[in-house]
Structures are given as structure tokens and as C-alpha cells.
Amino acid sequence: MSMSSLLTITPWPIVSAATLLVLLVAALYFARDTARQVIHAAAGALAQGLRVASHAVTRAQERLAARNRAVLLAAGREAKERIVEREFVRVGDTVRKDLAGYPDMRRRLSESIQRIEEDQEKAVEVPPEAPGWAQAIKVIAEVKGRSTNTEILEDIHRSTVKAHEEAMADYRKASGERHALLRRMMPDWRLIQETLERVNKSVESVLARALAIDHHMEEYEAIVRGEDRAVSVLSSSSIVYFFVSALVLAVATAGTAVNFTLIARPMAEMVGGTNFIGAFRTADIAALVIIMVEISMGLFLMESLRITRLFPVIGALSDKMRVRMIFMTFAVLLMMASIEAGLAYMREVLLQDELATSSLLRGDNGAVIVNPHLWITTAAQMGMGFVLPFALVFVAIPLETFVHSLRTVVGLVGIAVLQSLALILRLLGNGCRHLGTLAQRLYDLPLFVPLWIESRRMAHEAVARSRLAVAATPWKEAQS
Amino acid sequence: MNARLALSLAALALGSCARTGPHNTGVYLLVDTSGSYNLQVRKAQQISLYALSRLQSADSIAVATINTGSFTEKDIIAKATLDDRPSTANQQKRAFASTIVKFVDESVPAPYTDITGGLLQAVEFLKEKNTSRKEILILSDMKEELAKGYIRDIPLDLKGFDVVALNVTKLRSDNFDPRLYLSRLDIWREKVEKGGGHWRVINDLDHLDGLL
């Protein structure tokens, strides 16, 4: 039934419209309670559902946070264990090295000290002989007879001077010998000093390592206790590692792209330039496979060297097997690098060939200007082709860091997303409740006339009831 | 559930490995050697070299003359399918170019012009090569003159073909009545499009950039 037909229920459209409006308002008024209940129930159900969903998301976020915390602590514990283990190995190496040389050092020190003692004993200063002539000269001088005494005294004087000179010569000789002995002690002193300095250095190194171990152990204990501060530190470190490793991986990807450019064109000579696998040229895929094999070999080499720990199987191999694997992967890498250098050279040859052909087809009669410094580009390409595979070996280190930190970062992002989702759901739930109230108010809006009448009627009834109550009160008082 | 997932992944992998059909191009150049147009034959060298410079490995090219009876392999001056390996393809291009230069130097005028026969031969050649893109280049004034006994009122099957008329020169009679020139081109356009082909005319040989 269209609107125009509705307006024809009476001969006058305005009257028809007014009648319809009155009927509509009446219908809405009589259905008001039911409609309000429906709106209330619908809004309440929606709000309740959203609140439940929000709680579920919050619980999921808490579970994820707990899981992430456990992962972080486990990763941090493992990293600290590795660091402490490495520090202990270093301390062990230092101690072993020093202790291995200890008997020799002790023997040399003892010998030096013994030599010094012997030399010191030899170098003891002999006191000059006591003058035995002084008393005799005095006695003789007091004897009577001047001339005889004078001669005797002169003889004595000469003898004394001579004895003095001899004594001085002996003294100088003895002093010289003592100085020589002291000089001979110098190397022994230096040896002792050097040995003690070496010992001091080793002790200081061990002390420094001990301090570092103490520091790491404190952090390790904090991690084991699961302290919030430790988790916070590990979390921020993980984010930093993630971005740094992502940056290095981006650089490595650029290197891979350069490597790909170097070998993709000459690969067409090997596998053909027109074969396709899916939408990709077989030559491109072959070049990419070579680069991927190189990266894989680099990963295995790093694993075998125990620099990275991505594959526990390789880490658990016996040392003999690991060494074999190191040589094997290195040999494959060397072979690949040589192949790449050859392909890079081939690329230059092909490029020149194409230039010559293009020149001929342009009508230049093959007159291509040959650059005399072209060998520099060729050599640079070959060098890059040889070096890049080895450079890509080191991708394993940032890759390991990236993989480990990715888990944490993804967890953190997941937590943030779940938190936001829970908040949005809670807001939507509250919004639904308020929307229900608003819908009830909007429903009442066209019913303002009957509602006004109803309120007036209720007010009138209330007044009437109160009057009745007042009138009934004296009657009751009289009865009582 | 797991088996279904594995099957889906296998199907996806196989689908991605499937060949998506040929990506190559086939070019057939018809060079009109009849009468006065023989003077324009040197331009065939320019067009051939341009086409060679645009072609890649696995593309095919042939150059044939239009003369009295052109529906024959004997009129093919040179043909080649470029090798997979770029270096060999370059060698082929150089050899092809030298053959064309030799042909241009030794070309002799033909008394009649069998364009339709040449077109039929081109269609046959390119269909045999099964290239994804098929280009027939016609270096001619597009005035067909058949010798007695040659029947060429044959519908052409040119679905998937691009037919390009190059350097369509005006004849003396066209200068008197240009409608002759225009109607000649219209007839050929109609003929090509009726056969399902795509028709183009390029008269400025210095701007062949959009050709291949």
C-alpha cells in the first residue's frame, strides 16, 4: 500500500494524514512498554556480549603476556648462561695458562733469589784494617836520641804511606768487585719484577672477570627470580636487537640483490633465457637458488663454528664431525664463489657482445668504442662475485638474533593489539547501553502528546489521592 | 583435514610451476620488389635491423619478397628462430643482418605484386612457429597486381595477427585522385579486420618505436 493510497482513506488528504498520524501515535503509545523492553533487552544483550568478549580478549592478552614473559625470561636465562659460561672459560684459560707456567716461574724466581743472596754475601764490605802503627810511633817518638828516632820514623812513615796506598788499592779493587756483583744482580731483579708484574696482570684479569661474572650472576639471579625489572630490561633489549638485526638483514638483502644482478644474465647462457617456471624465468630462479645455497652454506658454517645456534643437531655433533663439516661447507662456498666470479666475468663478455650486436643493428657497422679501462669494471665485478658469497655468510648472525627477537616482538605487538581490542570492545559495550537509552528516548519523542496527557492525568490522580488522604485523616483520628 | 590441506598446497605448488604459455614474438616482413617500389627496398634493411634489435631469445623472424607469386617458401630471403642462449642469439642476429644486406644489394624488380599470397605465406609461417604474438609487416604501396591465372580471392584467417603496412607510398595516379590511395588502404583494412586481424599503417619509418 503506497503513501498516496493511504492518503485517500478520507476524501481530504490532510484529514487522512492527521488520522493516520493519530492512529500511528496511538499504536506507538500502546506498544510503548513492550517496545521499551525490547530496546532495553537488545541493548543490554549486545552490551553484555561485548563485555564478555572484552573479558575474553583481556584473558587472552594476559595469557599471551604470561607466555611472552616466560619466553623472555627463558631466552634471557639462556643468554646469560652462555655469557657466564664464556666468562668461566676465559677465567679457566687464564688460570690454566698461568698455572702451567707456575713451576717454571717458581724455579726461576728461586734461582734468581739464590743468586742475589750469594752475590749479596760476596758484596759485603770488608772494614779497612785498623792502624797498628799509631801506638808504636808514639812510643818511639818519646825515646831519647833524636837522630835514630827520626830515621826510624821516616822509615815508618814511608812504610805507612806504602801500606796506605796498598790498602787503598785493595779497597778500590774490592769496591769494584762489589759493584760488579751488584750490577750482576740487576737482570735478576728485572726478571723478578717482570715475573711479578705478569702475575699481577693475571690476577687483575681474573679479578676483573670475577667482577663481570658477579654482575652477570646478579642479573641471572634476577631473571631466575622473574623480577619485573629483569623482564623490562630483556624486553627493551629484545626490541633493540629486533630493529638492529632487521636493519642488517635489509643491508644483506640489498647485497643479495646485487649478487643476483651479477649472475642472473649469464645464468641464461646455462639454463636458457626463455624457459619459465610459473611467471618467473628459469635463469632468474637458478640465480636465486645459487644465492640461497650460498646463504645456507654460510648458516651451516656458522653453526659448525658454534657462532650461531639455530640448528641444535649441528651443535650437538662431535668435534671431529663439526670440523669436517666446517671444511666441507667452506669448500662448497669457495666453489660457489669461484663460479660466481666466472659468471660475473661472463656477464661482462655478454654485455660487450650485446653492445656490438646492437651497434651493428643500429647501422654503426660494429664500430664499438672499447674503453681501455674496461678491465677495472670486469675485475670489480669478478671481485664482488667472489667476495659477496663470503660476506653473506655473516647473515647468519643477524638472522639468529632476528628470529629470537621476532618471537618477543610479535608477542609484544600481539599484547598491544589484544589490549586495544579489549578496550574497543568495552567502549562498544558501554556505547550499546547508552544507545539503548537513547533509542528509548527517541521512541518517546513522537509520543509527547499522549505522554504529556498521561503525566497530567497521573499528577491529577496523585493530587486527588492526597486530598482523599487528608480528608480521611480526621475521621481516623476521631475513630481512634 | 591435514590431508586436504596438504593436497591443496601440492595443487597450489603444481599450479605455480605450470607453464603459462609462450611469451615469444614472431615477425614476418614482406618486402615489395615489384616495379617502381623496388627503389624502396633499401628501407627493408632498416626495418629488419630494427626488428632484430627488438627481438629476444626464442623469437622468430622471416623476411620474404612480394613478387609475381608470393605464396611460396622460395620467396623467403632469411628466417631464424633465435636461440635460448643470448650469445648464440646475438650471432644469429648478426648473420641475419648480413643476409638482408646482401639481399638489398642484389634485389631485382618483379613484374607483378602478389600481396595476398605473401600474406598467406606469412600466416602459415607464423602459425607454424606458434608464437604468442604475431606481427606481419608489409613494406609496400599496397597495390596488388596479379598475373593471369593467379587466384587470390581467398578469405584470410588473421585472428591474433597484427598487420602493419609500412611506408605506403603514393602512386602517380593517387596524386591525381587521392581517393584511390584512401580506398586502397580501406580495402586492405577491411580485408584484414574481416579476417580477425588488427590493421595499422606506419608511413614515418623514423618513428618505429611503437612497432614491436
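## Chain B: fold and confidence

Chain B holds 6 helices and 6 strands. Both come from DSSP runs, numbered from the N terminus: helices are H or I with at least four residues, strands are E with at least two. Along the sequence, the elements of chain B run α-β-α-β-β-α-α-β-β-α-α-β. This is a predicted model, in which local features need pLDDT of at least 70 and side-chain atom pairs need pLDDT 80 or more, while totals for chains, interfaces and linings use all residues. Residues are numbered from 1 along each chain as its sequence is written, chains are lettered from A and ligands numbered from 1 in the order in which they are written, and side-chain values use heavy atoms, without hydrogens or water.

The score pLDDT is the predictor's confidence in each residue, from 0 to 100. Chain B has a mean pLDDT of 84, and 90% of its residues reach 70 or more. Residues 1-9 of chain B stay under 50. That stretch has 0 contacts beyond four places in sequence, where a contact means heavy atoms within 4.5 Å. Residues 14-19 of chain B also have pLDDT below 50. They make 6 contacts beyond near neighbours in sequence. Where pLDDT is low, the predicted coordinates should not be read in detail. The model scores ipTM 0.73 and pTM 0.64.

## Surface and burial

Chain B has 212 residues, and 49% of them count as buried. Buried means under 20% relative accessible area, exposed means over 50%, and partly exposed lies in between (1.4 Å probe, protein chains only). Chain B exposes about 11100 Å², with 54% of that area from carbon and sulfur atoms. Areas follow the Shrake-Rupley method with a 1.4 Å probe; for residues, only the protein chains shown count as cover.

Chain A has 480 residues, of which 27% are buried. Its accessible surface is about 31900 Å², and carbon and sulfur atoms account for 68%.

Chain A contains 13 helices and 2 strands. Take its contacts between residues at least 6 apart in sequence: 78% join residues at least 24 apart.

A nonpolar surface patch of about 480 Å² is formed by Val240(A), Tyr241(A), Val244(A), Leu247(A) and Val248(A). Val244(A) sits in helix H7 of chain A, residues 228-271. Val244(A) is partly exposed, because its relative accessibility is 47%.

## Aromatic pairs

Rings of Phe, Tyr and Trp (its six-membered ring) pair if their centres lie within 6.5 Å; planes under 30 degrees apart are stacked, over 60 edge-to-face, and the rest tilted. The count is 7 aromatic pairs over all chains. Phe242(A) and Phe402(A) form a stacked pair, at 5.2 Å centre to centre and 20 degrees between the planes. This pair links distant parts of the chain. Phe242(A) lies in helix H7, and Phe402(A) lies in helix H12 (residues 396-444), 160 residues apart. Phe242(A) counts as buried because its relative accessibility is 14%. Ring pairs join Phe242(A), Phe243(A) and Phe402(A) into a cluster.

Another pair, Phe386(A) with Phe390(A), is tilted: 5.6 Å between centres and 55 degrees between planes. Both residues belong to helix H11 of chain A, residues 374-393. They are 4 residues apart there, so about one helical turn separates them. Phe386(A) is partly exposed, with a relative accessible area of 32%.

Technical notes
Patches are made of residues with over 30% relative accessible area and no salt bridge: like charges are joined within 9 Å, nonpolar side chains (Val, Leu, Ile, Met, Phe, Trp, Tyr) within 5 Å. A salt bridge is a side-chain nitrogen of Lys or Arg within 4 Å of a carboxyl oxygen of Asp or Glu.
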